[in-house]
Amino acid sequence: MAERMVPNPRHERLRQLLAEAVDRAHEVRQAYQGAFSAMRSGQVWTGPTATTWTTDLEDRHHRLGWLAQSVVDAVEEELRRQPPLVTETEANAVRREMAGRT
């Protein structure tokens, strides 16, 4: 008789992690938006130093967004590798493995 299939705990945890990563990526993409917009307005600080600083801020803003999306992409990739259902024996082994990491 075939063993009963149950939800894969690793798949479930990755789904939770993905939701959190997406939320945090959105927050990260917004992190410098206010400062960046204010600096680009030309009403906060002007001159060559301000321009250089604003360019650096823009670069950091884009890099941070790219890095946050990289985390989301990595979690999505790992989630695709994990089957949503596994045997009960496999699920128990995954639970033990996950408990050993905490």
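Buried means under 20% relative accessible area, exposed means over 50%, and partly exposed lies in between, with a 1.4 Å probe and protein chains only. This is a predicted model: local features need pLDDT of at least 70, side-chain atom pairs count only at pLDDT 80 or more, and totals for chains, interfaces and linings use all residues. Residues are numbered from 1 along each chain as its sequence is written, and side-chain values use heavy atoms, with hydrogens and water left out.

Helices (H or I, at least four residues) and strands (E, at least two) are DSSP runs, numbered from the N terminus. H1 has 23 residues, which at 1.5 Å a residue should span 33 Å. The expected span is 1.5 Å times one less than the number of residues. The end C-alpha atoms of H1 are 33 Å apart, which agrees.

Pro9, His11, Leu14, Leu18, Ala21 and Ala25 are buried in H1. Their cover includes strand S1 (5-7), H3 and helix H4 (88-100).

The largest nonpolar core has eight residues: Leu14, Leu18, Ala21, Ala25, Ala68, Val72, Val75 and Leu79. Helix H1 (9-31) and helix H3 (48-81) are the elements that give two or more residues to this core. Such a core is a set of buried Ala, Val, Leu, Ile, Met, Phe, Trp, Tyr and Cys residues joined through side-chain atoms within 4.5 Å.

Contact means heavy atoms within 4.5 Å. Leaving aside residues up to four places away in sequence, valine 75 touches Leu14, Leu17 and Leu18. Histidine 11 belongs to helix H1. Its relative accessible area is 11%, so histidine 11 counts as buried. With the neighbours up to four places away again left out, histidine 11 touches Leu79, Gln82, Pro83 and Pro84.

**Salt bridges**

Side chains of opposite charge can pair when their charged atoms come close. A salt bridge here is a side-chain nitrogen of Lys or Arg within 4 Å of a carboxyl oxygen of Asp or Glu. The whole structure holds seven. Among them are these:

| Pair | N to O distance |
|---|---|
| Arginine 15 and glutamate 12 | 3.3 Å |
| Arginine 40 and glutamate 58 | 2.7 Å |
| Glutamate 78 and arginine 81 | 2.9 Å |

Arginine 40 sits in helix H2 (residues 33-40) and glutamate 58 in helix H3, 18 residues apart, so the pair links distant parts of the chain. Both ends are partly exposed: arginine 40 at 46% relative accessibility, glutamate 58 at 22%.

Arginine 15 and glutamate 12 both lie in helix H1, three residues apart, about one turn of the helix. Arginine 15 is partly exposed at 44%. Glutamate 12 is partly exposed too, at 30%.

Glutamate 78 and arginine 81 are three residues apart in helix H3, which means about one helical turn between them. Glutamate 78 is partly exposed at 27%, whereas arginine 81 is exposed at 52%. Salt bridges with shared partners join Glu77, Glu78 and Arg81 into one network.

**A nonpolar surface patch**

Val44, Trp45 and Trp53 form a nonpolar patch on the surface, with about 320 Å² of accessible area together. Accessible areas come from the Shrake-Rupley method with a 1.4 Å probe; for residues, only the protein chains shown count as cover. Patch residues have over 30% relative accessible area and no salt bridge; like charges are joined within 9 Å, nonpolar side chains (Val, Leu, Ile, Met, Phe, Trp, Tyr) within 5 Å. Tryptophan 45 lies in the loop between H2 and H3. At 39% relative accessibility, tryptophan 45 is partly exposed.
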